[in-house]
Amino acid sequence: MSIEHYMQELGSAARAASRQLAASSTAQRNAALLATCEALDAARDSLAQANAEDLARGRERGLDAPLLDRLELTPARIDAMLQGLQQVAALADPVGSISDVNRMPSGIQVGRMRVPLGVIGIIYESRPNVTVEAASLCLKSANATILRGGSESLASNRAIAACIASGLRQAGLPAAAVQVVETADRAAVGALIGMPEYVDVIIPRGGKSLIERISRDARVPVIKHLDGVCHVYIDAGADHDMAVAIAVNAKTHRYGTCNTMETLLVAAGEAPVLLPRLAEAFAAKGVELRGCARSSAILPGVQAATEQDWFEEYLAPVLALRIVDGLDDAIAHINHYGSQHTDSIVTQHHGRAMRFLREVDSSSVMINASTRFADGFEYGLGAEIGISTDKLHARGPVGLEGLTSRKYVVFGEGQVRC
């Protein structure tokens, strides 16, 4: 069977399954999640064996240590998968909820109902636990899903898929509601992103090159973000203790996440006193600073920043540092160099804080808080499938509600239009 024909079969089955999921109850979908949890728990040995095959093949292919680490399914990671399924089952179900109901002059009542998107294609790399995370969120929101994991995790993903299929069958739902692409052929990705008749949205999770390719070639709408070039701006009159605490946390809490601060902006009036404190705090954490010319005048040892540094997502203990003349300068810098992900202001001035919220064009904008809070769990979504910097449909952390759409519903009592 050709790759194209195989993917068409997966798509057709997913479309049929999505109709059944749309008609399913919350209880039925929760039962499938909990049955999957039990199946995974019972299959620990087979999961470990399949994962060992992937790890051995990865070592033969020369995969580096960080990639092998992401690939490994340790007992603790299996425990986390089980806990994740239980947590998603406990979340409120957005599907079917009706809101914004208003009575019109004609007597009809018009509202909006949450409905599934339909079929979601998810393309990701390395980590087999993403298979469970993505499947659980799509299932809870009554979406069928086609999962295309990395070739390095094929055996692990197959073993996980068998457990998910078992859980679906026990709950009386079609196994095609969650399908894992069982080929490592890269042509499968091209086919998946080119089936608008079967797939309603694509969510890529992985490196920038993968997401750029999907965004460029897809014939299906894509929910994604490319970069996390996040900023903290320390405003004139900011509390210095608060500013240092937020800036250090935003940069050093974790280096490899998309909501980590990559550029620190400091108002010129605060810089002479505040920059030495910040430099000392970052030096204690082993963070390299790359500063503008004005920063170098205060911190002579700082490495000079290049134009590219303002665009850079380091994902490492490196921080770009710039002195700005004030709020207007900070907003202009963020909107020019940022990636519309997450940006924060540290300020004691309400008016400037509100301007920052309104004028910074990012999916998350914060006042007096670390950028590291830009996360579905921290936002009360329970779990997220990713973060979107797009402006249509979903923006920011994408949880269950982001995997639904809304349609208008009308309640009448026999009205006809005159």
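At 37% relative accessibility, Val101 counts as partly exposed, a label for values between buried (under 20% relative accessible area) and exposed (over 50%), using a 1.4 Å probe and protein chains only. Welcome to this predicted model, where local features need pLDDT of at least 70, side-chain atom pairs count only at pLDDT 80 or more, and totals for chains, interfaces and linings use all residues. Residues are numbered from 1 along each chain as its sequence is written, and side-chain values use heavy atoms, leaving out hydrogens and water.

**Around Val101**
- Val101 is found in strand S1 (residues 98-103); strands (E, at least two residues) and helices (H or I, at least four) are DSSP runs numbered from the N terminus.
- Together with Ile98 and Phe411, Val101 makes a nonpolar surface patch of about 230 Å².

**Glu4, in a helix**
- Look for Glu4 in helix H1 (residues 3-22).
- Glu4 counts as exposed because its relative accessibility is 57%.

**A covered strand**
- In strand S4 (residues 144-148), five of five residues are buried.
- Ala144, Ile146 and Arg148 point one way from S4, while Thr145 and Leu147 point the other way.
- Strand S3 (residues 119-124) runs parallel to S4, and five bridges join them; two strands pair if DSSP finds at least two bridges between them.

**The seven-stranded sheet**
- Follow the order S10-S9-S11-S8-S7-S12-S13 to trace an open sheet of seven strands with parallel pairing.
- Strand S10 (303-304) and strand S13 (364-367) stand at the edges with a single partner strand each, so one side of each has no neighbour in the sheet.
- Within this sheet, strand S7 (residues 230-234) and strand S12 (residues 342-346) pair in the parallel sense over four bridges.
- Ile234 has Val346 as its bridge partner in S12.

**Helices on the sheet**
- Helix H10 (residues 240-252) lies across S7, strand S8 (261-267), strand S11 (318-324) and S12; contact means heavy atoms within 4.5 Å.
- H10 runs at about 160° to S8, where axes are lines fitted to C-alpha atoms, for helices over the stretch in contact, and angles run from 0 to 180 degrees between N-to-C directions.
- Helix H11 (residues 271-284) also packs on the sheet, touching S7, S8, strand S9 (288-291) and S11.
- The direction of H11 makes about 155° with that of S8.

Key: Patches are made of residues with over 30% relative accessible area and no salt bridge: like charges are joined within 9 Å, nonpolar side chains (Val, Leu, Ile, Met, Phe, Trp, Tyr) within 5 Å. Accessible areas come from the Shrake-Rupley method with a 1.4 Å probe; for residues, only the protein chains shown count as cover. A salt bridge is a side-chain nitrogen of Lys or Arg within 4 Å of a carboxyl oxygen of Asp or Glu.
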